[in-house]
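I opened my notebook to look up a few spots in this fold. Here is what I wrote down, entry by entry.

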Amino acid sequence: MARIDIRLSGSGGQGMITSGAILGIAAVYDGKNAVQTKSYGPEARGGAARAEVVISEEEINYVKVIDADILVALTQEAADKFSSAVKEGGIVIIDELMVKNPPEGNFKVYTLPIIKTAAEKVGKSLVANIVTLGALNEISNIVSFESLEKAVLSKVPKGTEELNKKALAAGREIAKAVL
């Protein structure tokens, strides 16, 4: 496996920073190297937020993502800002509710009902970031599902494990529908 650069972006409060940490932990569980960096806008909740995760079987010498292999954009602002830095042939995953103008480029765009699925099928919009991870991994197969689930369960608050397992499974299902 070559280096994979992933950028998870949205607004503060959507859980993209937590998702990046979970993805990195899952990669480590799979025996890979991973680093995660994060950036918040000037205001924590509601401002721009992004996590960058680099996963590789080899040593990682540069921790920043320049051009992403995979971009997740849960807001229009994130899609507009980061889609120009997606590698040719890369993957862009957007939320159908929040991103009305899908980015165009030499990459594959997956438009998914991430936030709607979290709210309606799982029952809490708060778990949209876990739905995102389920969809992202189903589309890209970056880590094993077992490691991803273990990583999710290691990071979520006690008492929410079943809710988050349901969210992860729901994300897988919405991705299967577009594959």
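I started with a pairing: Ser-9 stands opposite Ala-73 in strand 4. I kept in mind that this is a predicted model.

Next I looked at how strand 4 meets strand 1. Strand 1 covers residues 4-11, and four bridges join it to strand 4. The two strands run parallel.

Then I turned to strand 5. Strand 4 pairs with strand 5 over five bridges, again in the parallel sense.

Is strand 4 mostly covered or mostly open? I found it mostly covered, with five of its six residues buried. The strand spans residues 68-73.

I followed the chain from strand 4 to strand 5. Helix 2, residues 76-82, sits in this unit with the two strands. Together they make a right-handed β-α-β unit.

I picked Phe-82, which has its place in helix 2. Is Phe-82 buried or exposed? Its relative accessibility is 11%, and buried means under 20%, so Phe-82 counts as buried.

What does Phe-82 touch? Leaving aside neighbours within four places in sequence, I listed Arg-7, Ser-9, Arg-50 and Leu-71.

Phe-82 and Asp-67 are 15 residues apart in sequence. In space, their C-alpha atoms are 9.0 Å apart.

**Helix 3**

Helix 3 runs over residues 114-122. I noted its buried residues: Ile-114, Ile-115, Thr-117, Ala-118 and Val-122. Seen down the helix axis, these buried residues fall within an arc of 165°, so they line one face of helix 3.

What covers the buried residues of helix 3? The cover includes strand 5 (86-95), strand 6 (107-112), helix 4 (128-140) and helix 6 (161-176).

I looked just past the end of helix 3. There Gly-123 takes a positive phi of about 105°.

**Ser-56**

My last stop was Ser-56, in strand 3, residues 48-56. Ser-56 counts as buried because its relative accessibility is 4%.

Where does the side chain of Ser-56 reach? It reaches the backbone nitrogen of Glu-58, at 3.0 Å.

I then listed what Ser-56 touches, not counting residues up to four places away in sequence. The residues are Met-1, Ala-2, Arg-3, Lys-32 and Asn-33.

Technical notes
Residues are numbered from 1 along each chain as its sequence is written. This is a predicted model: local features need pLDDT of at least 70, side-chain atom pairs count only at pLDDT 80 or more; totals for chains, interfaces and linings use all residues. Side-chain values use heavy atoms; hydrogens and water are left out. Buried means under 20% relative accessible area, exposed over 50%, partly exposed in between (1.4 Å probe, protein chains only). A polar contact is a pair of N or O atoms within 3.5 Å; within protein, one must be able to donate a hydrogen and the other to accept it, and residues adjacent in sequence count only if both atoms are side-chain atoms. Contact means heavy atoms within 4.5 Å. The arc is that of the directions from the helix axis to the C-beta atoms. Two strands pair if DSSP finds at least two bridges between them. A crossover is right-handed if, with the strands pointing away from the viewer, the path from the first strand over the helix to the second runs clockwise.
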